[in-house]
Amino acid sequence: MRRRRVSEREILADPKFNSKSVAMFINMLMLDGKKSLAEKIIYDALEIVKQQLNEADALKIFHKAIENARPRLEVKPRRVGGATYQIPVEVRQERSVSLALRWIRDFAKARKGKSMKENLAEEILAAYKGEGAAIKKRDDTHKMAEANKAFAHFRW
């Protein structure tokens, strides 16, 4: 190893749901340090999701959406003798959750026409139901890993 390992910072749970994954999502959505705005957007989106599904617990829906969008495998490039191979590797738990949250955020941002909280609510609902752009991205990632299964022996 060339450099020292970066110490992992402890994320405090969010005030409303007391959940670290919601706090992570708030931090991920935040722009220019406007945390209260990011909190409002996410809490409103979870409220919309709760009302649309007539569910008592929005947190359960959120966690199920993350679980559905979470990739299990991904590909990493590796140079072997002048050629670059895409090597399938298993994704660590923290990274897979982070990727799922990032995909949900990015695809909600990419939607046009409605406010961010409505777009986010729709994206969370789609991931909860096992459809939508984040799920498609996960499936594409898995397909890529499956297609490059032959290069798995290059893994280190």
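Me: Which residues of helix 3 are buried?

Reply: As a general idea, an α-helix has 3.6 residues a turn, so residues three or four places apart point the same way. In this predicted model, the buried residues of helix 3 are A58, L59, I61, F62, A65, I66, N68 and A69. Their cover includes helix 1, helix 2, helix 4, helix 5 (116–129) and helix 6 (133–147).

Me: What span should helix 3 have, and how far apart are its end C-alpha atoms?

Reply: Helix 3 has 12 residues (58–69), and at 1.5 Å a residue these should span 16 Å. The end C-alpha atoms are 17 Å apart, which agrees with that expectation. At the start of this helix, a side-chain oxygen of D57 comes to within 3.3 Å of the backbone nitrogen of L59.

Me: Does Y43 count as buried or exposed, and why?

Reply: Y43 counts as buried because its relative accessibility is 12%, and buried means under 20%. This residue belongs to helix 2 (residues 35–53). Apart from neighbours within four places in sequence, Y43 is in contact with D14, P15, K16, F17, V22 and I26.

Me: How much space lies in the largest pocket, and which residues lie nearest its centre?

Reply: Rolling a probe the size of a water molecule over the atoms shows where empty space is left. Here, the largest pocket holds about 650 Å³ of space. Helix 1 (20–29) and helix 4 (93–110) are the elements that give two or more residues to its lining. The lining has 17 residues, with E8, R9, I11, M24 and E94 nearest the centre. By class, five lining residues are nonpolar, five polar and seven charged.

Terms used: Residues numbered from 1 in each chain as written. Predicted model: local features only at pLDDT ≥ 70, side-chain atom pairs only at ≥ 80, totals over all residues. Heavy atoms only, no water. Helix = DSSP H or I, 4+ residues; strand = E, 2+ residues; numbered from the N terminus. Buried < 20%, exposed > 50% of the residue type's maximum accessible area, 1.4 Å probe, protein only. Contact = heavy atoms within 4.5 Å. 1 Å grid on protein atoms, 1.4 Å probe; cavity = no way out; pocket = protein on both sides within 12 Å on 5 of 7 lines; lining within 4 Å. Points joined across faces, edges and corners; volume = space filled by probe spheres on them. Nonpolar A, V, L, I, M, F, W, Y, C, P; charged D, E, K, R; others polar. Expected span 1.5 Å × (residues − 1). Polar contact = N/O pair within 3.5 Å; in protein donor to acceptor, adjacent residues only side chain to side chain.
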